[in-house]
Amino acid sequence: MTILSKDAPTEISHPAHPEHKLKLMATGAAEFQCDVCKELGAGDRYTCRPCDFDLHRDCALAEATLAHPLLKGREFQLRLEHPRHRDGGGGTCGACGGKVLGLHYHCAAKKGSDLHPCCAALPLVIPQEELTLELRKEASHRCSSCRERGRGRTWFYRSTCKTVYLHVACVKEIARRSRGAGDGSSTDPFASVKEAAVQIYRAKKDESELERVILELVLGG
């Protein structure tokens with residue numbers, strides 16, 4: 001998924017592909033793999049058609065340094081190369097827990113602190129009329145989608161009513177499944193996530209109401 005608050009230029013030069021300029025293309029819900037971060041994406045991308053080279057907008061326009069509001073006091077540097085740790089393994093994204101295979105943000109002050117550019121660009125708040133989700137570093141509750149807990153202390157979206165909890169990885173998967181099903185009717189990349197969160201919220205409300213009725217019947221009897 002791609003979210004940018006700033007206007008995207010129609011054409012750019014990028015050090016990962018210095019041979020040609022990259023053009024911003026509107027490609028709908030068709031899925032692609034970004035050639036610099038190696039993560040899947042969909043929607044608008046920067047591309048070089050003759051070379052079959054694609055970049056997420058977030059990766060293409062990523063700033064050289066990052067200060068994330070959830071990680072106060074840390075400065076992240078943008079790195080193009082694949083991270084290698086002393087044990088020979090690669091890094092993992094602190095937000096989604098996925099492998100870091102290419103372009104990423106790295107904080108040298110904290111060991112193993114990496115972020116995918118697209119995860120770093122996730123909105124702090126996903127608002128909607130019935131339910132609002134807020135991005136948090138961790139949560140003690142199970143994920144409402146996969147039913148697992150923290151996944152190694154990765155980030156969560158939590159509803160302001162503290163009813164719905166979603167791993168960032170699960171949010172990405174919900175959006176990916178929606179794209180795979182060919183649901184390109186909305187220009188909002190989080191439309192499917194909002195819908196899933198509302199469905200979970202309503203189901204939990206129905207469960208609570210049923211439990212209340214049963215309790216009243218038991219106590220009344």
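In this predicted model, Arg158 sits opposite Tyr165, a residue of strand 14. The two strands involved here, strand 13 and strand 14, run antiparallel and are held by three bridges. They belong to an open sheet of four strands, laid out in the order 11-12-13-14 with antiparallel pairing. Strand 11 and strand 14 form the edges of this sheet; each has a single partner strand, so one side of each is left without a neighbour in the sheet. As a rule, side chains in a regular strand alternate between the two faces of the sheet.

Tyr165 turns up again in the ring contacts. The search gives one aromatic pair. That pair is Phe156 with Tyr165: the ring centres are 6.5 Å apart and the planes meet at 80°, so the arrangement is edge-to-face. Are the two partners buried or exposed? Phe156 has a relative accessible area of 0%, so this residue is buried. Tyr165, with a relative accessible area of 5%, is buried too.

Leu115 is worth a look on its own. Leaving out residues up to four places away in sequence, Leu115 touches Leu66, Leu71, Phe76, Cys93, Gly94, Ala95, His104, Tyr105, Ala120 and Trp155. Two of these names come back in another sheet: Leu66 has Phe76, in strand 8, as its bridge partner. Strand 7 and strand 8 (residues 76-79) pair in the antiparallel sense, with two bridges between them. The sheet they belong to is open and has four strands, in the order 7-8-9-10 and with antiparallel pairing. At its edges stand strand 7 (65-66) and strand 10 (113-115), each with a single partner strand, so one side of each is left without a neighbour in the sheet.

Met25 has Arg45 in strand 5 as its bridge partner.

Beyond residues up to four places away in sequence, the contacts of Arg45 are Lys23, Leu24, Met25, Thr27, Ala30, Phe32, Asp54, Leu55 and Arg57. One of these, Asp54, forms a salt bridge with Arg45, with the closest N and O atoms 4.0 Å apart. Both Asp54 and Arg45 are buried.

How many salt bridges does a search of the whole structure find? There are three. Besides the one between Asp54 and Arg45, there is a salt bridge between the side chains of Glu39 and Lys172, at 2.7 Å from N to O. This pair links distant parts of the chain, 133 residues apart: Glu39 is in the loop between strand 3 (31-33) and strand 4 (40-42), while Lys172 is in helix 3. Lys172 has 22% relative accessibility, so this residue counts as partly exposed.

A further salt bridge joins Arg202 and Glu130, whose closest N and O atoms are 2.7 Å apart. Arg202 lies in helix 4 and Glu130 in the loop between strand 11 (125-126) and strand 12, so the pair ties together parts that are 72 residues apart in sequence. With a relative accessible area of 44%, Arg202 is partly exposed. Glu130, at 34% relative accessibility, also counts as partly exposed.

How values were computed:
Residues are numbered from 1 along each chain as its sequence is written. This is a predicted model: local features need pLDDT of at least 70, side-chain atom pairs count only at pLDDT 80 or more; totals for chains, interfaces and linings use all residues. Side-chain values use heavy atoms; hydrogens and water are left out. Contact means heavy atoms within 4.5 Å. Rings of Phe, Tyr and Trp (its six-membered ring) pair if their centres lie within 6.5 Å; planes under 30 degrees apart count as stacked, over 60 as edge-to-face and the rest as tilted. Buried means under 20% relative accessible area, exposed over 50%, partly exposed in between (1.4 Å probe, protein chains only). Two strands pair if DSSP finds at least two bridges between them.
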